[in-house]
Amino acid sequence: MSCDQQSYPFPQVFLVDGGPQNSGQQPSLVPCWSSFPPAQERTRARGKSRGCMGVSPGVALIVLMLFLLVFAALGFEAYQIHNMQAELRGMREMRKVTTSVAEFNAPQKQIAHEPEMNREDKKDPPAAHLIGRVETGRVLKTLRWDPRTGRAFTSGAVEYRFEDGALQLNESGLYHVYSRVELIFKDCSPSSSFEHSVFVKRAGSPLTLMTAHRGGFCSQQPGGLAWTTESYLAAALRLQKSDRVFVNVSHPSYLSHSHYGNFFGLYKI
């Protein structure tokens, strides 16, 4: 029997003297509690209160706020890095402009009585290496050289003078000077000899720097034979600006035609 069919929620009261009133209705022994919802509805309500995937809405909101804070911090850091890069670019541009203005306003240094050299030569230390040159005409005792063929070069405050075969210095200092010659005596005898020397001209006066005398290099066998000999000179010498350094050989016609057998050079120490 449903609660709607009952006239009251409590059982009837029976009188002793008389019979029970409304005896046609059976008493209800079980009370009907209309204030409690069914069990199925309570289960559904409890499931809804847990939120999505068993996580309550409050926890989900806190996690979302944390993610937003992290992304905001990353964006702020990226903004600061961008500003720092912009400031560095501005400082570099300002430095370039300042350097250009300073170079433009700096007085230009003028050098007189010095050979014309490009900027690369001015950065290099004074040095030169010359190789032998084959002479077709009259051969002089003061040798001429080739400053451009093969490994020959001149750099820094040194120049080669084609007219007299000298290396001219345009900077004073301590220099290592060296020279090698190779001679072929076609009719060599025990009395054959030669001289090899290096000298400098300073204010027009020659001054010997190094010299070598070679003799007795041929065999003692009778009859003239071809014989090859050589001489090498080297020393550290203090030279002055405008000095001109030369090489002399007593028998220049006997020089071999080997470019790398005959050479002359110097470099600043």
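Predicted model: local features only at pLDDT ≥ 70, side-chain atom pairs only at ≥ 80, totals over all residues.

Colleague: Which residue does Ser 197 stand opposite in E8?

Modeller: That is Thr 211. Strand E7 (residues 193-202) pairs with E10 (residues 244-249) in the antiparallel sense over 6 bridges, and E7 and E8 also run antiparallel, joined by 10 bridges. Two strands are said to pair if DSSP finds at least two bridges between them. Other bridge partners are Phe 199 with Phe 246 in E10, and Val 200 with Leu 207 in E8.

Colleague: How many residues lie between E7 and E8 in the hairpin?

Modeller: There are 2, and Ala 203 in that turn has a positive phi of about 60°. Most residues other than glycine have a negative phi. Ser 242 likewise has a positive phi, of about 80°, although it is not a glycine; Ser 242 sits in the loop between strand E9 (225-239) and E10.

Colleague: What is the order of the strands in the open sheet?

Modeller: The order is E4-E5-E10-E7-E8, 5 strands with antiparallel pairing. The edges are E4 (158-161) and E8 (205-215), each of which pairs on one side only. Neighbouring strands are turned by 20° against each other on average, direction ignored; the axes behind such angles are lines fitted to C-alpha atoms, for helices over the stretch in contact, and angles run from 0 to 180 degrees between N-to-C directions.

Colleague: Stepping back, how many helices and strands does the chain have?

Modeller: The secondary structure comes to 3 helices and 11 strands, and along the sequence the pattern is α-α-α-β-β-β-β-β-β-β-β-β-β-β. Both are DSSP runs numbered from the N terminus, helices being H or I of at least four residues and strands E of at least two.

Colleague: Now the charged side chains: how many salt bridges does the structure hold?

Modeller: It holds 7, where a salt bridge is a side-chain nitrogen of Lys or Arg within 4 Å of a carboxyl oxygen of Asp or Glu. Arg 161, Glu 163, Asp 164 and Arg 244 are linked in a network of them.

Colleague: Is Asp 164 buried or partly exposed?

Modeller: Asp 164 counts as buried, at 14% relative accessibility, whereas Arg 244 is partly exposed at 21%. Buried means under 20% relative accessible area, exposed over 50%, and partly exposed in between (1.4 Å probe, protein chains only).

Colleague: Which residue meets Arg 180 in a salt bridge?

Modeller: Arg 180 meets Glu 230, at 3.6 Å, N to O. Arg 180 is in strand E6 (residues 173-188) and Glu 230 in strand E9, so the pair ties together parts that are 50 residues apart in sequence. Arg 180 counts as buried at 18% relative accessibility, while Glu 230 is partly exposed at 32%.

Colleague: Changing topic, which residues form the nonpolar patch on the surface?

Modeller: Val 59, Val 63, Phe 67, Val 70, Phe 71 and Leu 74 form it, with about 580 Å² of accessible area together. Patches are made of residues with over 30% relative accessible area and no salt bridge, with like charges joined within 9 Å and nonpolar side chains (Val, Leu, Ile, Met, Phe, Trp, Tyr) within 5 Å. The areas come from the Shrake-Rupley method with a 1.4 Å probe, and for residues only the protein chains shown count as cover. Val 70 is found in helix H2 (residues 57-105) and is partly exposed, at 47%.

Colleague: And what does Ser 256 touch?

Modeller: Not counting residues up to four places away in sequence, Ser 256 touches Glu 182, Leu 183, Ile 184 and Asn 262, a contact being heavy atoms within 4.5 Å. Ser 256 lies in the loop between E10 and strand E11 (263-268) and counts as buried at 8% relative accessibility.

Technical notes:
Residues numbered from 1 in each chain as written. Heavy atoms only, no water.
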